[in-house]
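Dear colleague,

I am handing over the structure we spoke of, and below it you will find my notes on what turned up when I went through it. Please read them with the coordinates open beside you.

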Amino acid sequence: MTFFETRGAATRRQGAAIACVVVVAGFVSGCARTNEQAPWCNMSAINDQRNLVAVPGPDGREPPVVEVPLNSVSMLDATITSKVYVRDATAKRTPAGTVEVRSQIANCTDFPLQVELRTQFMDAENAPSEAVSAWRRVYLTPRSNGSYHESSIGTTAVKSYIIEVREGR
Amino acid sequence: MGQKSGRSWRNGLVLAAVGGMLAGCAGVDNSRGTPTVYSDPGSPGPVQGVGIESQDIVSMTDQMMRDMLSEPRLAGRKTPPNVIIDDEYFSNDSTWRADKKVITERLRVNLNRAAKGRMVFIARHVAAMVENERALKREGRVDKGTLSMTAASKGGDYRMDGHIGSVDTLNPRTGMKSRYSQISFEMVDLETGEIVWSNIYEMQKSGQDDIIYR
C-alpha cells in the first residue's frame, strides 16, 4: 500500500469508529431517557421560565428590586432551586369568602425532600392584607409530586398572593 | 518610554481600585447578620428534639385558625356564633410534658384578632372573674360601669375540645428515638353535640439527643 492509500484507509477506519460511537451514544441516551423515572425535570427550561419583575408598591412607584410576579411562587432557598419544580399556583374563594391558594411541587431528585411553604396575601394596592402565614411542611418522596394549600384570614380585602418556598429544616 | 508605561500601569491600578470600591458600594453585602439570642419562633431553634416545639405550635395554631375561618358554619354565619376556646377539654396523653395552654391560648388570641367579628369569643376560662364583678354591681358595692347590664353572661354555641397523643419508639442500642405526635382539634355544638369542625396536626421526628421538655 502506498502512503496515501494507508492514510485513506486510516481515515475511513476513524470515520467508521466515530460513526459507531455516535450511534451507540444516541442509543444509550435514548435508553436512559426512556428508562429514567418520571418526572424528569429539564432544569434549563425551568430556569428559563423564571421571570423577575419590579412589582409596584402601595405608592405605585417602581421599586429598586426585582422579584417574582404576584400570584406565583418565589424560591427563597438556593439549595433546592435545581431540585424541585413548582408546577402551578392557583387560587379560589371558599364558601366563607376567604381565599384558598394551591400549589403542586415536583421532586426532581432520587431522594426524599422536605420543603416548607408559606403565603403572603396582598390587597389591591400590593400591600400585605394580613400577617404572612406560618411555614407549612410538605414531604416529597423521590420523583413525586406534593401539594400545598393555604387559606387567607381576610375575605374581600385579599386580591393577590405570593407563595414562598424553602427547604424544610 | 519606561516612565510612560510605569505611569499608565499605576493609573490602571488606581482606576481598578476605584472601580472596585464603587462596585462594592453598589452591591449587596451578602454576609451573615450579627449573632443574637433571639430566634424566630416559627422556625426550628438551636435546641431541637423529638417533641412539640415552638415552630410546631406556631404552624399548628396558624393552620387551625385559617381552617376555622374558612368553615362557613363557624365564620360565615349572619349572626356570629359564640365560641369558647380554652384548655378545659384539651387533654394531653402524650409524652410531651409541657404546658398545653400555650396551644389553646395562641389559637384563641390569634383567632379572636383575625376573626374581626365573624366569631364572638367567650372567656369561660375566667368565668369566676366575670361572675364576681356582676355580683358586685348588683349588690351595689360598685357602680354599674359604662356598659349596660345584661340578664346573664353570654352562653356558648360552640366549644373546642382536643387531644394530644404520641407514639414513641426507641432503639436501645443506638439511643435513636422516634416520636409520632398527633394533635386533634374539634368544635362541638353545645346544644346538639354535633362536631361542626375538626382537624388534625401530626408530625414524626427522629433524633439521637435526649432533650428535656418543660
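How many of the 12 residues of α5(B) are buried? The number is zero, so α5(B) lies largely in the open. Please bear in mind throughout that this is a predicted model, and that the values below are computed from it.

To stay with that helix for a moment, α5 covers residues 127-138 of chain B, and at 1.5 Å a residue its 12 residues should span 16 Å, which agrees with the 17 Å between its end C-alpha atoms. After α5(B) comes Gly140(B), which has a positive phi near 80°. Another positive phi in chain B, near 50°, belongs to Lys116(B), a residue other than glycine, and Lys116(B) sits in the loop between α4 (101-115) and β3 (120-121) of chain B. With 13 other C-beta atoms within 10 Å, Lys116(B) counts as partly exposed.

On confidence, chain B has a mean pLDDT of 89, with 86% of its residues at 70 or more. Among the elements of chain B, the lowest mean pLDDT, 59, is that of helix α1 (residues 2-26), whereas strand β1 (residues 82-84) has the highest, 97. Where pLDDT is low, the predicted coordinates should not be read in detail. For the complex as a whole, the predictor gives an ipTM of 0.76 and a pTM of 0.78.

Chain A is built from two helices and seven strands, and along the sequence these follow the pattern α-α-β-β-β-β-β-β-β. Chain A has 169 residues, of which 21% count as buried. If one takes the contacts in chain A between residues at least 6 apart in sequence, 60% of them join residues at least 24 apart.

The strands of chain A include an open sheet of three, in the order β2-β3-β6, with antiparallel pairing. Its edge strands are β2 (84-93) and β6 (145-151), each of which pairs on one side only, and the twist from one strand to the next averages 15°. Within this sheet, β2(A) and β3(A) run antiparallel and are joined by nine bridges; they form a hairpin with five residues between them, and in its turn Gly97(A) has a positive phi of about 95°. On the other pairing, strand β3 (residues 99-107) of chain A meets β6(A) over seven bridges, again in the antiparallel sense.

A few individual pairs let you follow these strands residue by residue. Lys92(A) stands opposite Glu100(A) in β3(A), while the bridge partner of Glu100(A) in β6(A) is Ser151(A). Val101(A), for its part, stands opposite Glu150(A) in β6(A).

There is also an open sheet of four strands in chain A, in the order β1-β7-β4-β5, where the pairing is mixed. Here β1 (72-75) and β5 of chain A stand at the edges, and each has a single partner strand, so one side of each is left without a neighbour in the sheet. Neighbouring strands of this sheet are turned against each other by 30° on average, direction ignored. One of its pairings is between β4(A) and strand β7 (residues 160-167) of chain A, which pair in the antiparallel sense over eight bridges, and Val115(A) stands opposite Glu167(A) in β7(A).

The loop between β4 (113-122) and β5 (136-140) of chain A holds Asn126(A), which has a positive phi of about 60° although it is not a glycine. Is Asn126(A) buried, exposed or partly exposed? Asn126(A) has 18 other C-beta atoms within 10 Å and is therefore partly exposed.

Finally, where the two chains meet, 15 residues of chain B are in contact with 14 residues of chain A. On the side of chain B that touches chain A, α2 (54-69) and α3 (72-75) of chain B each supply at least two residues, and the largest share, seven residues, comes from α2(B). By residue type, this side of chain B divides into six nonpolar, five polar and four charged.

With best wishes

Note on methods:
Residues numbered from 1 in each chain as written. Chains lettered and ligands numbered in written order. Predicted model: local features only at pLDDT ≥ 70, side-chain atom pairs only at ≥ 80, totals over all residues. Buried ≥ 20, exposed ≤ 12 C-beta atoms within 10 Å, placed from the backbone. Contact = placed C-beta atoms within 7 Å. Pairing = 2+ DSSP bridges. Axes fitted to C-alpha atoms, helices over the stretch in contact; angles between N-to-C directions. Expected span 1.5 Å × (residues − 1). Nonpolar A, V, L, I, M, F, W, Y, C, P; charged D, E, K, R; others polar. pLDDT = per-residue confidence, 0-100.
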